[in-house]
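This briefing covers a few points in one structure, grouped by topic. Please keep the sequence and the 3D view open while reading.

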Amino acid sequence: MSARKNTAVVVVDMQERFLSMLDKLTRRQLVHNHLEVLDYCRENDVPVVGIRHDIVAFGKEYVYAIENKIAEVSRNRYFWKDKNDGFSNLKLQEYLSSLGIERLCLMGVFASRCVISTGQGALNNGFKIATSRDLITDSNYSQALLASFDWFNANGTLFDRYQDMLRTL
């Protein structure tokens with residue numbers, strides 16, 4: 001299967017400290033789903049961008065398994081951010097544009113803050129966005145997470161399952 005050439009996957013803040021705020025079952029399922037998407041990216045040459053929050057208190061290291069999986073993708077790059085929006089780092093937009101990317105599939109934590117902010121930054125920079133309910137989360141299944149689903153549904157494409165999103169890559 002050949003991936004669409006104009007799509008990239010963006011992994012937002014999958015850092016150990018952030019994930020430690022999730023319950024174990026949510027964390028395990030989220031990491032599993034991300035690893036599945038990253039396997040697809042590796043097998044289908046879909047570019048992957050990792051975005052890390054540059055705050056020492058939150059820890060700067062991605063979950064080991066995700067870090068290793070991103071490294072297996074031939075077209076991968078990391079960007080630091082100091083605000084919720086990954087596009088606060090102007091090099092992100094520059095890099096994606098250099099690849100001819102038009103659409104971003106977002107996944108990560110926290111849906112109601114950093115993922116939505118990065119999604120809004122993507123829209124502001126002319127990108128289309130998509131995500132799946134099982135690729136984003138918050139510290140608990142809350143009204144904020146439900147509102148995030150509504151936001152993505154209104155501003156991009158929201159899939160119920162990551163497998164459905166992969167069919168569109």
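The model is a predicted one.

Helix H3
- Helix H3 spans residues 64–72, and its buried residues are Ile66, Lys69 and Ile70.
- These buried residues line one face of the helix, because they fall within an arc of 100° when H3 is viewed down its axis.
- An α-helix has 3.6 residues a turn, so residues three or four places apart point the same way.

His34
- His34 lies in helix H2.
- His34 counts as buried because its relative accessibility is 0%.
- Beyond its neighbours within four places in sequence, His34 is in contact with Val11, Met14, Ile66, Met107, Gly108 and Leu135.

Gly108
- Gly108 sits in strand E4, which runs over residues 103–109.
- Gly108 has a relative accessible area of 0% and is therefore buried.
- Residues up to four places away in sequence aside, Gly108 touches Val12, Met14, His34, Val115, Leu135, Ile136 and Thr137.
- From Gly108 to Asp150 the C-alpha to C-alpha separation is 17 Å, and the two are 42 residues apart in sequence.

Conventions. Residues are numbered from 1 along each chain as its sequence is written. This is a predicted model: local features need pLDDT of at least 70, side-chain atom pairs count only at pLDDT 80 or more; totals for chains, interfaces and linings use all residues. Side-chain values use heavy atoms; hydrogens and water are left out. Helices (H or I, at least four residues) and strands (E, at least two) are DSSP runs, numbered from the N terminus. Buried means under 20% relative accessible area, exposed over 50%, partly exposed in between (1.4 Å probe, protein chains only). Contact means heavy atoms within 4.5 Å. The arc is that of the directions from the helix axis to the C-beta atoms.
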